[in-house]
Amino acid sequence: MNNTTTSTTTSLSSLSSRFRRSAKKNNNNKNNKKEATGIFHQREETRQQQRRRRRRSATTNAAASGTKTEGEQLHLSALEQSELIDDTEDFPIDANTKFEPTIGIETHVQLQTKTKAFCGCQYSYGANANTQICPICMGHPGTYPKLSEEVVEKGVQIGVALNCKIREVSKFDRKQYFYPDLPKGYQISQFDEPLCEHGNIKVVIPVEEGGGEATIGITRAHLEEDAGKLNHVGGSGNVSTATHSLADYNRAGVALLEIVTEPDFKNGKEVSAYGQELRRIVRYLKASDGNLNEGSMRCDVNVSVKPVGRKRFGTKVEVKNMNSFNAMARAIDYEIERQEKLYKEGRGDEIVQETRTWDDQNQRTVTMRKKEGLADYRYFPEPDLNPLVCSQAYVANVRKEMPELPNEIRDRYKALGLPNGDVQVLVEDENLVRFYDEILSANSSRSSEEKEVNISKQAANWLTNDLLAFVKNEKLATPYDLKLNPEEIAEFCFLIENGEISGKIGKDILPELLLDGGSPRKLVEEKGLMQISDPKEIEKIVQKVLDMNPNQLEQYRSGKTKLKGFFVGACLRESGGRANPTLTDEILMRKLEE
Amino acid sequence: MTFSPPLSPPLRARGGVGVNCKKNNNNNAKKKKKKKKNFCRRFATASSNASSSSSSSSSSSSSEIDGTTKSVIKKIAQKLQSGELTSLRVTEMYLKRMKDSSLNCYASVNEEDALERAAEMDRERMNPERGEKKRSLLHGIPIAVKDNICTKNTYTTAGSKILREYRPDFDADVVKHLNKEGVVVLGKTNMDEFGMGSTTESSAYAPTSNPWDESRVPGGSSGGSAAAVAAQLCAASLGSDTGGSIRQPAAFCGTVGLKPSYGRVSRHGLLAYASSFDCIGPITSSVEDAAILMDVLCGNTGDDNNSNLDAKYFDSSNNNSSSSGSSSFTDAIVSKENLVDVAAPLKGKTFAVIKETFTGLDEKVSASVMESIELVESLGAKVHEVSCPTFLFGLPAYYILALSEASSNLARYDGIRFGAQDYLNMDLVDSIKSSRFEGFGAEVKRRILMGTYTLSEGYSDAYYKRAQEVRRLIYAEMTQHLQTYDGFLTPATSSLAYMKNENQEPLAMFTGDLMTVNVNLSGLPALVIRSKDSADENNTLLPSGIQIIGKKYGEAELLGVGHIIEMFSAERKLYKDAFPEASLF
């Protein structure tokens, strides 16, 4: 395949603007003034399309226009009128105007499959350029796509996890445009009959944003293929200053699921929470590795703002290239603020339909490219692929094979009575969930032999705090790399929960256990650290303490009851921390009051 | 007799038919009548690959070849088998003829490779260890392949300048199949650029001439393939058919051409023109050769899943379950002595003639087709006239859909990843523009523009989507008739071969595809065989063809019927420079 390992020396400078300019020009003033975000933007497009079609029909195709009913015509003129009304005056904007943002996200999730979507190539991030290609994904003449079944399976899994309706029949379409990273001159995608539609996802809102859950609507999720990657060389390494660009087609043809949300977000934090939950889901499903840095999960966010109460949406701006969820939240909040500020300063016309990129260094968004009119992608049904049929039985089967999802696990843990914080920490990492569940099951098999003790909370607490801290400090990959296995941790928690050792002693011996491993019970016994719960023993200790501190006892009995703490401490010290605190307290009080 | 529409059904009631019929019957009666039952059984099961009769010379055995066969492949195979000829010798003879020929049938020929391959096949044949192995009839046979079918490491240009440097990394499935059988690929045949044309004049290299009259075109787009077969510059060839590109040149050159059902033969390795129409098929000098090739072309390599695409365009509920893969087409070829009813071998068959195909038909073509229709009747078949009101909508619907798909399929030719990379050292947009502007010919550019237009926002409803509706109607109408009839008989073309440079008006050129596009729209198979030749104003005899349109996946039946018609047709004129070694062939 010598002739496929290509580096194009074509200069891409001024590519974006020049290239986009070749798209159909239309009257942009109106578009610029009123662009909505996300799905609303799409609806807007559709309406414009219809309008344009009808206008053309009227002038160029009498037959076609003849088929339009009067009702449609009326509807049309109403639509056009509403679009022509400029309601700026109804919403005078000043420094005190309250704004609300409209935010929608399109996420491209790279599906983790053995092969690319339509050929047998494997793909792994970071491989040498143009080493993971074949005639099919290079779009060589005479090649045709073959849909990978695994791609469909993963797509359906994610769709089901997002509570989507899976279309029994969906189809593939060609989205056509010229760009050197697109080998065939079109991208195989799904246009009007996507695989998944009408879903929703529950997102946990961070406490600082008020906590609780939000439900984000999923408009659609469809399968498509990824494009190659252009590496811009020379200049400052971006498309507008580069002297030339190198094309790497390894990524071309990799399966993507594009997930489009409803504009249900209030701020950047919610978007970030959505992104994180989506990533958890795809990772739990093993449908994608969800790595933002390697581009296996890419979020494009559409942001616009408008005065509260106004119906018309503000001009939509697309924000890209955020390589962490933190950056995403900051980028969106920055963009909302930027737009509001411009409106308030009467510079609203400086907000234009464009793609902005997040500049992490300077913590701001900057213009990447301006959109000049809408591109006509000339979608039409992909003639080389059959419609995709996913029977209900197939979907049911995929659903049956799916692992437990984050939300389900969250509900299960909450039912165990775990505090919200522990639940969030556990669910964050699939390995942690598995490890925790293994601790619980080790305990329940022990419980059947011995006494039934519920260590759920104890285990969650130890795991999410001390153990996880150790994992992080030691840079272990997973809790499975600890020297303590789930059974031993279950034993540790049991000892505490069962009152055989105090939490304090637990904390004392944990470092040794973590370093050397082994049975916690054995260690506790060896060191003679078992809690003293025999009242007679404790009484002896208490008596000894009282005897040793006659002055303090005197003071206490003459009314200085604050000294109780002193005696409790002294008793625990005397017992080497082994005295049962409750019993000690009880006996001490009795003795003190004698 | 001249035929003037409308036809009054049934055709056989018309006068004059009886004469021919009688004559044929008399001739037939003299032949031996053998194995009547056998014929019936085999004919009935022709498409299901039932236990094939040992009496037939099946593709795997070349030992029994009857003397009357028109099959060039079988004749050569017999000589190879007997040792009278070697593959090398046959290949050399074809190569020599090519050099002497002024027709320009080939776009590229790799002599060395062909000779080496032929020698290798000879060694294989001589090798006593392998001698026991049953060898394919195609073993060592030189075949030509249309230049839009990928052959590994050898030029595959599709007649386009933009691909003049393109050598694919892989063999098309059909080429793989042929190679497995031991075929010697002689070269790549000339064609209209990307299959867009019906004269082979839009080839970026040079036009091909019609072997019967070099001032005429061979048709197109598989003009090189058809002319090469007619002029005996190969034993058989592969063509591709998107709107008639196998059948029209087959008719103009007087060869046999089969467009298989859409999806029957793997497209993998065929440079796409219009994905939902494109078919690869054989162009041969006899029906039997077409059957021999079809047996091989349909083989399944397993790395192609396009062949089930037909379900997308065509409701496949009416199809035989024996549709794909394993059927043997040569089993449908029955020699005269094995016919059950030599007097009426087509008895029980009913064919429909489409009234609308005779509107504006050239008189000579009409007469030629009528003769064939009468022959069909004389052989015992019933022929009725039917009306297909959708027939005339086929042409515009076809051109909208095919060009829409073409505009998309040809987008990959941007001069960046393969082919001629002449303009990489400039701004991206200029680079793509220059590559395409300089790389594509006028006809291709015209079609890309039209296809881009019909898919554009605001227009695709009026054009693309409507044309799809028309396609469904045409399919419905044709399949409805095929529930009553075994097939349609139509002229293959509306006229005799065009003069070179005759049709400069693009739309006029489009209308030349009237007879063939409906078959592609409906995904049906169609066989073109040579009908009576006609003399033009200069008294040059020119061939024309009759098209038999069959049921979906009914290629075996089509070939069976075609073979009978061919056997009972009058002898046709041989090519003027027919092999001097004619005794061998």
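**Aromatic rings and their surroundings**

Tutor: B:Tyr166, B:Phe194, B:Tyr413, B:Phe418 and B:Phe440 come together in one aromatic cluster. Keep in mind that this is a predicted model.

Now take the wider count. Over all chains, the structure holds 25 aromatic pairs. One of them joins A:Phe99 and A:Tyr343. Their ring centres are 5.7 Å apart and their planes meet at 15°, so this pair is stacked. Planes under 30 degrees apart count as stacked. Where do the two residues sit? A:Phe99 is in strand S1 (residues 99–110) of chain A, and A:Tyr343 is in helix H8 (residues 325–344) of chain A. The pair therefore ties together parts that are 244 residues apart in sequence. Both A:Phe99 and A:Tyr343 are buried.

B:Phe277 belongs to the loop between strand S5 (256–259) and strand S6 (279–284) of chain B, while B:Tyr398 belongs to helix H13 (residues 394–409) of chain B. Parts that are 121 residues apart in sequence are thus tied together by this pair. B:Phe277 is buried, and B:Tyr398 is buried too.

Rings also meet charges here. B:Arg267 lies over the face of A:Tyr144, 4.2 Å from the ring centre. In chain B, the charged end of B:Lys552 sits over the ring of B:Tyr553, at 5.1 Å from its centre.

Next, the sheet in chain B. It is an open sheet of 11 strands with mixed pairing, in the order S1-S3-S2-S4-S6-S5-S10-S13-S9-S7-S8. Strand S1 (106–109) and strand S8 (382–386) of chain B stand at the edges. Each has a single partner strand, so one side of each is left without a neighbour in the sheet. From one strand to the next, the twist averages 25°.

Look inside that order. Strand S9 (residues 487–491) and strand S13 (residues 545–549) of chain B pair in the antiparallel sense, over 4 bridges. There, B:Pro491 stands opposite B:Ile546 in S13(B). Helix H19 (residues 555–568) of chain B lies across S5, strand S7 (350–354), strand S10 (526–530) and S13 of chain B. Helix H19 of chain B runs at about 10° to S10(B).

Technical notes. Residues numbered from 1 in each chain as written. Chains lettered and ligands numbered in written order. Predicted model: local features only at pLDDT ≥ 70, side-chain atom pairs only at ≥ 80, totals over all residues. Heavy atoms only, no water. Phe/Tyr/Trp six-rings, centres within 6.5 Å; stacked < 30°, edge-to-face > 60°. Helix = DSSP H or I, 4+ residues; strand = E, 2+ residues; numbered from the N terminus. Buried < 20%, exposed > 50% of the residue type's maximum accessible area, 1.4 Å probe, protein only. Lys NZ or Arg CZ within 6 Å of the ring centre and 35° of its normal. Pairing = 2+ DSSP bridges. Axes fitted to C-alpha atoms, helices over the stretch in contact; angles between N-to-C directions. Contact = heavy atoms within 4.5 Å.
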